[in-house]
Amino acid sequence: MTTTSQGLPSDRDFAPRLALRKRLGFLFGVLSTLAIVIGLLTLGTLIADVVRDGWHVLSWDFLTSFPSRRPEQAGIRSALVGTFYILVLVALIAFPLGVAAAIYLEEFAPKSRLTAIIEINISNLAAVPSIVYGLLGLGVFVRTFMLGRSLIAGALTLSLLVLPIIIVAAREALRAVPPSIREAGLALGASRWQTVRHFVLPAALPGILTGTILALARAIGETAPLITIGALTYVAFTPKSLFDPFTVLPIQIFNWISRPQPAFHERAAGAIIVLLAVLLLFNGLAIALRARLQRRIRF
Amino acid sequence: MTTEPMPAVEAPSIDRRAWVERILTGRQRVDRVRQVRESAILGLLFLAALVSVATTIGIVYTLALETFHFFQHVSIVDFLTDTQWTPLFTEKHYGIWPLLTATIVVSTIAMLVALPLGLLAAIGLSEYASPRLAATVKPILEILAGVPTVVYGYFALLFVTPLLQRFIPQLEVFNALSAGLVMGIMILPLVASLSEDAMRAVPQSLREGAYALGATKLEVVWRVVVPSSLSGIVAAFILAVSRAVGETMIVAIAMGQVPRFTLNPLVAMETMTAYIVQVSLGDTPHGTIEYQTIFAVGTTLFVITMVLNLLSYRFLKRFREVYE
């Protein structure tokens, strides 16, 4: 800082150079817009690339054929069925567990050390790499419980993986229900559980479902933990029971990408289109649910 | 209450008294049943909440057990100092460094993409874009985070690598560069969304104060908003690093399976996660040393990400203490 002989700021310190500073600011705005555009552009390129590579393999036969060594005959039947089973099983396991845990933490848990531990633990689990859950599944479900490389072992592993997501979403939904609803329930003579069951839970349900759908979308896109528990990459049958081997769409895609022949890469692109379409459906469902919720209930 | 009934009121008949009594005891029974049922339900809810704790215990137990067996065969000094990783060859070396350097190289490239772009995007969304535009763009940007990683692997191997090979002819088919670039784009929404949350939490009065002093928008952003939300932004950055270190499918597909001790991003390397995938794809029998290696590598991975997560959590907590 230039100062005058008296130690006071001189006029030069107040030179605003406003035009330059504003131009810099504008430049920076352009830069930050560019960052967003790069993200969106990559997303667009990725989708365009996959569609260009895989569009022509899409057919009814592609959906209903088993994988094959001959690429032109290979389809995603076993993967599609496996993904569907995994989806249903994870929903059946993780949804009740996650909602129950959320209700406990949000509505009943005392302010204790144990509660604090559970809460920190959940936020930590959400950031554990998915492949570590695979190692957990391998050690516990596949080996210790001796479930083998089965559908149920995969479903249990993925359930644990998405559980923190469901719990966090469900807690947020429960927290959004105003206390007055609970007080009204209690004032009518309902017990705490009856209040939760008949007043709070129905009000929070759309929010909980939205979170659960997004968690399920995550589960059907996961590859690494299922590879780690030993899900087979080449399965030319559909599982008949919970204890049968299985494959899912992401694993089938991985298998086809790993092969050198370009014809298999096209099959992989086709399967990616199917997978992305399923995920888009899920996300659409979640958005629709959220919109409905915002319209219907206003506290 | 008097025992004598009032003259005007007829004394309750025996039947009526029994009726009242029945209701009262019935009420009590209902209360008791309700109480028992409620505590049972509460117990079940509590057990569900404990599943998450059990999961952590399960992870630590599984990893620790097999890692313990592993270190009965391999000295921990070799594991931490040897620069060769060849458990699947006849001449076996168990040095974690090749896997670690590969992880570091690819994560660094990813961060060089995700951190500046993510921060810029966050500033754009929180400070420059109108709320309506931000509300439209943000969900689209978040689709990037929802795309399965196996799809990014496809994109890196079959689109980005051929594209880059036009400019860098010596680029191998499997390399850390494409994997890192694509991973960076994948992590961008995480950085953007968490940093934006942090910047939105900065009180409006701070911005207004700076404007009143004659600052331009850029100066408000860089000298007020970013410094005020720095802990939150740092927390986002650390979480992004943790995500990059644990990312699996992109590197397993696009980076190859050659455990090589190098920092050159143009050649094939194998990260910790890719090694676990490689062994899992083979049929490695339980109890062998190859089987135990993936748990030793998994433990290393788990410890690194755990430290990063806890660090991020601390920064976030510090940030929250200031403004919330």
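This is a predicted model: local features need pLDDT of at least 70, side-chain atom pairs count only at pLDDT 80 or more; totals for chains, interfaces and linings use all residues.
I number residues from 1 along each chain as its sequence is written, and I letter chains from A and number ligands from 1 in the order in which they are written.

**Entry: α4 and α6 of chain B**

I took helices as DSSP runs (H or I, at least four residues; strands are E, at least two), numbered from the N terminus. Helix α4 of chain B spans residues 131–146 and helix α6 of chain B residues 176–200; they pack at about 130 degrees, with axes 7 Å apart. I used axes fitted to C-alpha atoms, for helices over the stretch in contact, with angles from 0 to 180 degrees between N-to-C directions. α4(B) and α6(B) are therefore oblique to each other (under 35 degrees is roughly parallel, over 145 roughly antiparallel, 65 to 115 roughly perpendicular, the rest oblique).

I find B:L141, B:E142, B:L144 and B:A145 of α4(B) meeting residues of α6(B), among them B:I185, B:M186 and B:P189; contact requires C-beta atoms, placed from the backbone, within 7 Å. I counted Ala, Val, Leu, Ile, Met, Phe, Trp, Tyr, Cys and Pro as nonpolar, Asp, Glu, Lys and Arg as charged, and the others, Gly among them, as polar.

**Entry: α3 and α8 of chain A**

I looked up helix α3 (residues 77–108) and helix α8 (residues 192–221) of chain A, which pack at about 140 degrees with axes 9 Å apart. That angle makes α3(A) oblique to α8(A). Their crossing is right-handed. The residues of this contact divide into 15 nonpolar, 2 polar and 1 charged.

**Entry: domains**

I record domain 1 (19–57) and domain 2 (60–296) in chain A, with bounds from an automatic or database domain assignment. Their C-alpha centres lie 31 Å apart. In chain B the domains are 13–44 and 81–323, with C-alpha centres 59 Å apart.

**Entry: chains A and B**

I find 65 residues of chain A in contact with 67 residues of chain B. Helix α1 (residues 18–54) of chain A gives the largest share of the chain A side, 18 residues. That side has 42 nonpolar, 19 polar and 4 charged residues.

Note on methods:
A crossing is left-handed if the near helix is turned anticlockwise from the far one by less than a right angle, and right-handed if clockwise. Two residues are in contact if their C-beta atoms, placed from the backbone, lie within 7 Å.
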